[in-house]
Amino acid sequence: LDYHMKIAFAKIGSEPLSVSHELGGISFKGILKRKNAEQVLASGELSGVLKHFCDSCGEPLEISINESLELSLNDGATSAPDLDIVEFYDGFISLGELINSEIESIKSDYFYCKNCKTN
């Protein structure tokens, strides 16, 4: 998996920066825009097909993803109570890590194949 698309927090200004990156068949297309000294807004679309397994029988299945994404990206730790904040600790935004985080969040839900849904 390619986590290498990194953008320095210092390079993000108040003008939207268009970005696009794909990881494991899932792509993020959107913008990065400065919110304040420590935070950048990531806004866009997450789309693609995620290969997964039925949580009941283990059969392979595909999950179609097409969702809007709006997250705050923080340069370092934050104490903000907002759940939609992703923290980065090296001064860079990694689009690969951002996509992977969203993929893992989606996978944490339960998914069932057609067979198990009807039984």
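Me: What stands opposite S72 in this predicted model?
Reply: That's I85, over in β6. S72 also has a partner in another strand: S72 is the bridge partner of L41.

Me: What makes β5 and β6 count as paired strands?
Reply: Pairing takes at least two bridges. β5 and β6 (residues 85-88) have four, and they run in the parallel sense. So by that cut-off they pair.

Me: And how do you know that β4 and β5 pair?
Reply: Try the cut-off of at least two bridges again. Here 15 bridges join β4 (residues 39-53) to β5 (residues 60-75), so this is a pair too, and an antiparallel one. The two form a hairpin with six residues between them, and G58 in that turn has a positive phi of about 85°.

Me: Why are β2 and β6 called edge strands?
Reply: The open sheet runs in the order β2-β3-β4-β5-β6. β2 (17-23) and β6 each have a single partner strand, so one side of each has no neighbour in the sheet.

Me: How do you know that the length of α1 fits a helix?
Reply: Give each residue 1.5 Å, and the 13 residues of α1 (residues 95-107) should span 18 Å. The C-alpha atoms at its ends are 18 Å apart, so the two values agree.

Me: Which residues of α1 are buried, and what makes them buried?
Reply: Buried means under 20% relative accessible area. In α1 that goes for L95, G96, L98, I99, E102, I103 and I106. Looking down the axis of α1, they fall within an arc of 165°, so they line one face of the helix.

Conventions. Residues numbered from 1 in each chain as written. Predicted model: local features only at pLDDT ≥ 70, side-chain atom pairs only at ≥ 80, totals over all residues. Heavy atoms only, no water. Expected span 1.5 Å × (residues − 1). Buried < 20%, exposed > 50% of the residue type's maximum accessible area, 1.4 Å probe, protein only. Arc of directions from axis to C-beta.
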